[in-house]
Amino acid sequence: MKLQFAVPKKAKGTGVAHASMHGPNKVAMKRGSMKRLAALCTLLAAVIAGTLVSANPAYARSQPECESYTYVSNQAGYTVAAPIGKYGALPCSLLWGDGGPGTLALQWALNDCYLAPAGKARLQEDASFGQLTFNALKFAQSKAGISADGQFGPQSRASLKFPSEAGGTNTCARLGRPIV
């Protein structure tokens, strides 16, 4: 019986041996490459899908949620309905996905003090902080000259106008001073 061994051929001009890419070796190489390509495509699709699914802004909350509202008098004597946190905690914040009386008070302010005077469509006062409330808040923040990030926090509370009734007429006032 005669034993035969496969001897690698030398690449032309290099003097270096290389394995033959014929037959089962070539098929195995193609299958491995295809599996890696499929895994890469799956990973890429998962990353893209994760980005598309989480398209809404994700903000970390630095203050408690504004879960309610109260009537607050400013220095000029205007009484406004302003969002407050649980048990009257201040400062508080409202972010995308929040809901309740604090969000409702914000929607009143956005409608009466920013959207209606600008001739824009009013928000549905549904106490739900979604895309339309987010966009309206960014509009109001830009009008107030503060960072338009769509988050309601201490800066927005101090700078935005809130509905107020003064002397039998409806007006809008900031908590710190009346708006003329």
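I started with Y87, which is exposed, with a relative accessible area of 78%. This is a predicted model, so I keep pLDDT in mind: local features need at least 70. What put Y87 on my list was its phi, near 60 degrees, a positive value in a residue other than glycine. Most residues other than glycine have a negative phi. I placed Y87 in the loop between β4 and α2.

Next I looked up A127, where phi is near 65 degrees, again positive in a residue other than glycine. Where does A127 lie? I found A127 in the loop between α2 and α3. Buried or exposed, I asked of A127? Its relative accessibility is 19%, and the cut-off for buried is under 20%, so A127 counts as buried.

**Sulfur links**

How many disulfides does the count come to? I got two disulfides. A disulfide is a covalent bond between the sulfur atoms of two cysteines.

I took C66 and C92 as one of the pairs, with sulfur atoms 2.0 Å apart. C66 sits in the loop between α1 (24–53) and β3 (68–73), and C92 in the loop between β4 and α2; they are 26 residues apart, so I noted a link between distant parts of the chain. The torsion about the S-S bond is about 95 degrees, so I wrote this disulfide down as right-handed. C66 has 1% relative accessibility and counts as buried. I read 1% for C92 too, which also counts as buried.

Then I turned to C113 and C172, joined by a disulfide with an S to S distance of 2.1 Å. This pair also links distant parts of the chain: C113 is in helix α2, C172 is in strand β6, and 59 residues separate them. Which hand does the link of C113 and C172 have? With -95 degrees about the S-S bond, I logged the link as left-handed. Both C113 and C172 are buried.

Numbering the bonded cysteines in sequence order, I get the pairing 1-2, 3-4.

In soluble globular proteins, nonpolar side chains tend to be buried together.

I followed up L106 on its own. Leaving out residues up to four places away in sequence, L106 touches P83, L94, F129, T133, L137 and F152.

**Pocket**

Rolling a probe the size of a water molecule over the atoms shows where empty space is left. I noted a volume of about 160 Å³ for the largest pocket. Its lining has 16 residues, and those nearest the centre are D149, Q151, F152, G153 and P154. Which helix gives the largest share of the lining? I found helix α4 (residues 154–159), with three residues.

Note on methods: Residues numbered from 1 in each chain as written. Predicted model: local features only at pLDDT ≥ 70, side-chain atom pairs only at ≥ 80, totals over all residues. Heavy atoms only, no water. Contact = heavy atoms within 4.5 Å. Helix = DSSP H or I, 4+ residues; strand = E, 2+ residues; numbered from the N terminus. Buried < 20%, exposed > 50% of the residue type's maximum accessible area, 1.4 Å probe, protein only. 1 Å grid on protein atoms, 1.4 Å probe; cavity = no way out; pocket = protein on both sides within 12 Å on 5 of 7 lines; lining within 4 Å. Points joined across faces, edges and corners; volume = space filled by probe spheres on them. Disulfide = S-S within 2.5 Å.
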